[in-house]
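Here is a friendly walk through one protein model, from the overall fold to single residues. Keep the viewer open as you read.

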Amino acid sequence: MNIITDLSKKEFSYEVFYDEESQEWSSIVYISAKLQYNTIVEIQSILNEIALPHGGYSDGWGVMVD
């Protein structure tokens, strides 16, 4: 299994790309939700559970506002 399969199972929208400079794979996960601390912590926990078996981790979040 790979991280793309695991993200798809959770129905996340995402992008996966290879960073030539760092020589590492990265992903960006897009989620539409109310900006609430508990929601962010819960989502980061889910993303860590998905990433850990692949040697990854969640390293932050950002907010896009319309």
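## A loop residue and its patch

Let's start with Leu 35, found in the loop between β2 and α2. Leu 35 is exposed, with a relative accessible area of 58%; exposed means over 50% relative accessible area, buried under 20% and partly exposed in between, with a 1.4 Å probe and protein chains only. Together with Trp 61, Val 63 and Val 65, Leu 35 makes a nonpolar surface patch of about 470 Å². Patches are made of residues with over 30% relative accessible area and no salt bridge, where like charges are joined within 9 Å and nonpolar side chains (Val, Leu, Ile, Met, Phe, Trp, Tyr) within 5 Å. A salt bridge here is a side-chain nitrogen of Lys or Arg within 4 Å of a carboxyl oxygen of Asp or Glu. The areas come from the Shrake-Rupley method with a 1.4 Å probe, and for residues only the protein chains shown count as cover.

Lys 34 also has its place in the loop between β2 and α2. Lys 34 is exposed, at a relative accessible area of 66%. From C-alpha to C-alpha, Lys 34 and Asp 66 are 13 Å apart in space and 32 residues apart in sequence.

## About the model

This is a predicted model, in which local features need pLDDT of at least 70 and side-chain atom pairs count only at pLDDT 80 or more, while totals for chains, interfaces and linings use all residues. Residues are numbered from 1 along each chain as its sequence is written, and side-chain values use heavy atoms, with hydrogens and water left out.

## The overall fold

The protein chain has two helices and two strands, in the order α-β-β-α along the sequence. Helices (H or I, at least four residues) and strands (E, at least two) are DSSP runs, numbered from the N terminus. Along the principal axes, the C-alpha atoms fill a box of roughly 35 × 25 × 15 Å. How much of the chain is buried? Of its 66 residues, 12% are buried.

## The largest pocket

The largest pocket holds about 1,200 Å³ of space. Its lining has 37 residues, and the closest to the centre are Ser 27, Ile 28, Val 29, Leu 47 and Gly 60. Which elements give two or more residues to this lining? They are α1 (3-9), β1 (13-19), β2 (24-30) and α2 (37-51). A pocket is an open set of points on a 1 Å grid over the protein atoms alone, where a 1.4 Å probe fits, with protein on both sides within 12 Å along at least five of seven lines; lining residues have an atom within 4 Å of a point. Grid points are joined across faces, edges and corners, and the volume is the space filled by probe spheres set on the points.

By residue class, the lining divides into 20 nonpolar, 13 polar and four charged. Ala, Val, Leu, Ile, Met, Phe, Trp, Tyr, Cys and Pro count as nonpolar, Asp, Glu, Lys and Arg as charged, and the others, Gly among them, as polar.

## Strand and loop details

In strand β1 you will find Tyr 14, which is partly exposed at 27% relative accessible area. Tyr 14 and Val 29 are 15 residues apart in sequence and 4.2 Å apart in space, C-alpha to C-alpha.

Glu 11, in the loop between α1 and β1, has a positive phi near 60 degrees although it is not glycine. Gln 23, in the loop between β1 and β2, likewise has a positive phi near 60 degrees.
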